[in-house]
Amino acid sequence: MPSVFDLQHVVEQDEIDAQEHVHNLRYLQWTLWAARDHSASTGWDAAAELKRGFGWVVRQHEVTYRAAALAGDQLVIRTWISEKMRMAIRRKYLICRPADRMILARVQTRWVLADLRVRKAVSLPDEVYDRMVIPDSTPTPPWS
């Protein structure tokens, strides 16, 4: 499993709100996409797991917004797992605009694996837990 994953994204006009910048909920959407794609890169088959009745659910989001994203911006959403426990993982994200070396937001999310049939968090299976790699040091922005 790659310990750090980058999602490339270009801000579309339909992501812009009445204040002429990206709406705050889009930042969360980008983190969800980055987590999905990072997990898929490790061999996690979300569709197959969903058929079995399992899926990742969010317990907590923490977002610190630092600057606005605008239409046409080319962004990198960098993600990694910063902590893993038997019942949860903590994933961190940097939402970056490399053109001006700006970190737009720092995000962290606590995820749990849930048995969706009974709506209850479950322990991570050994094969899932063992595939999760925590970086040796805190990842830097993509231009570092």
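User: Are R97 and D73 buried or exposed?
Analyst: Both R97 and D73 are buried, where buried means under 20% relative accessible area, exposed over 50%, and partly exposed in between (1.4 Å probe, protein chains only). This is a predicted model, in which local features need pLDDT of at least 70, side-chain atom pairs count only at pLDDT 80 or more, and totals for chains, interfaces and linings use all residues. Residues are numbered from 1 along each chain as its sequence is written, and side-chain values use heavy atoms, with hydrogens and water left out.

User: What do R97 and D73 form?
Analyst: R97 and D73 form a salt bridge, with the closest N and O atoms 2.9 Å apart. The term denotes a side-chain nitrogen of Lys or Arg within 4 Å of a carboxyl oxygen of Asp or Glu.

User: Where do R97 and D73 lie?
Analyst: R97 is in strand β4 (residues 89–97) and D73 is in the loop between β2 (54–65) and β3 (74–84), so the pair ties together parts that are 24 residues apart in sequence. Helices (H or I, at least four residues) and strands (E, at least two) are DSSP runs, numbered from the N terminus.

User: Which residues are linked with them in a network?
Analyst: D73, R97 and D100 are linked in a network of salt bridges.

User: How many salt bridges does the count come to?
Analyst: The count comes to nine salt bridges. Among them is E49 with R52, at 2.7 Å from N to O. Both residues lie in helix α2 (residues 46–52), three residues apart, about one turn of the helix. E49 is buried, at 17% relative accessible area, whereas R52 is partly exposed, at 49%.

User: And what about E83 and R90?
Analyst: Their side chains meet in a salt bridge of 3.4 Å, N to O. E83 is partly exposed, with a relative accessible area of 32%, while R90 counts as buried at 19%.

User: Changing topic, which residues is V128 in contact with?
Analyst: Leaving aside neighbours within four places in sequence, V128 is in contact with W44 and W56; contact means heavy atoms within 4.5 Å. V128 belongs to helix α3 (residues 126–131) and is buried, with a relative accessible area of 7%.

User: How many helices and strands has the chain, and how do the elements run?
Analyst: The chain has three helices and six strands. From the N terminus on, the order is β-α-α-β-β-β-β-β-α. Of its 144 residues, 40% count as buried.
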